[in-house]
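Please read them with the structure open.

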Amino acid sequence: MAVDAARTDEGFTSAGAARVLRAACRTAGLDDRGAELIRLGENALFRLASVPVVVRIARGEEWVPTARKEVAVARWLAAEGFPAARIVEDVEQPLLIDGHPVTFWHLIVEGGRKATYGELGGILRDLHSLTVPAGLELPSFDPFEKQELRIDRAAIPEDDRAFLRKRWRELQDKYLELRFESSKGPVHGDAHVQNLMVNGRGRVILIDFEVFCFDHPEWDLMVTAVEHHSLGWQTDAQYADFVASYGRDLYDWHGYETLRGMQEFGMTTWLMQNVRENEETAAEYRRRIAGLRNDQAPRDWRPS
């Protein structure tokens with residue numbers, strides 16, 4: 001993947017992340033030569049060529065507590081024997097490089113297929129059944145945690161910014177009216193099928209613990225329910241497999257529409273952070289903001 005030299009308002013681009021990578025690898029005693037940028041989103045993810053390690057770089061110093069939580073969650077899940085991403089234990093982490101928290105993870109060598117929605121339902125069921133140990137402090141799920149910062153910093157038109165601020169306040173009011181019936185427990189917080197990997201032995205592995213928390217399981221079911229019922233990203237059969245594996249369809253819950261609005265809003269503000277990376281991302285942002293402005297319009301959004 002080519003490194004784009006364009007800059008965003010906060011200076012976090014693929015080019016800036018590559019500079020942080022080089023400094024982080026020097027500090028950790030790793031060779032960054034030939035590293036490949038595999039994703040730029042809330043974080044930049046680089047795969048090293050010299051060793052089977054993935055380096056994760058967050059957007060700013062305010063994400064240090066999140067990085068510390070990710071490391072703690074990974075260690076807990078490893079102790080449980082849960083199929084999840086593992087940190088590199090012989091590297092001190094998180095590092096703070098030029099204001100960016102950096103963590104190091106063992107590369108998961110993929111086995112040539114993607115995880116299914118049935119497997120996603122199963123791994124979420126197993127995760128939600130775990131008991132969080134007393135020594136692991138997890139926050140509650142905060143669907144609005146980073147959105148104000150995203151809105152303030154994104155390189156978007158000012159009328160979009162004003163609209164998003166207004167919608168943000170409206171969603172907060174609806175959130176306060178939600179009444180959950182389920183018990184709280186460990187929640188992944190970003191439970192889409194792209195956060196599963198299948199290794200060479202066919203084992204399905206959960207990755208990305210940035211939003212991991214202690215809260216109601218509905219937050220994890222929300223993602224796939226919205227992707228199916230609102231965006232049409234899964235077939236009926238795929239979604240039926242997800243529901244059968246987990247044992248519940250969130251669409252039948254009275255709070256689904258509120259969660260749908262929150263999920264679509266979060267998906268849009270996540271994407272808009274990178275509108276200056278390329279025209280494809282900018283075009284997808286325009287599709288999503290148009291959909292938010294017209295709640296009754298069909299969603300022709302594309303996975304990103």
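1. Helices (H or I, at least four residues) and strands (E, at least two) are DSSP runs, numbered from the N terminus. On that basis the protein chain has nine helices and nine strands. This is a predicted model, in which local features need pLDDT of at least 70, side-chain atom pairs count only at pLDDT 80 or more, and totals for chains use all residues. Residues are numbered from 1 along each chain, and side-chain values use heavy atoms, without hydrogens and water.

2. The radius of gyration, taken over C-alpha atoms, is 19 Å, which agrees with the value near 19 Å for a compact globule of 304 residues. The globule rule is 2.2 Å times the number of residues to the power 0.38. Along the principal axes, the C-alpha atoms fill a box of roughly 50 × 45 × 35 Å.

3. Of the 304 residues, 55% are buried (under 20% relative accessible area, with exposed over 50% and partly exposed in between; 1.4 Å probe, protein chains only). Contacts are heavy atoms within 4.5 Å. Among contacts with a separation of 6 or more, 69% join residues 24 or more positions apart.

4. Helix α7 spans residues 236–246, and its buried residues are Tyr239, Phe242, Val243 and Tyr246. They lie on the same side of α7 because they cover an arc of only 95 degrees around the axis, judged by directions from the helix axis to the C-beta atoms. Their cover includes α3 (117–128) and α6 (218–229).

5. The face of α7 turned away from the buried side carries exposed Ala237 and Ala244. After α7 comes Gly247, with a positive phi near 105 degrees.
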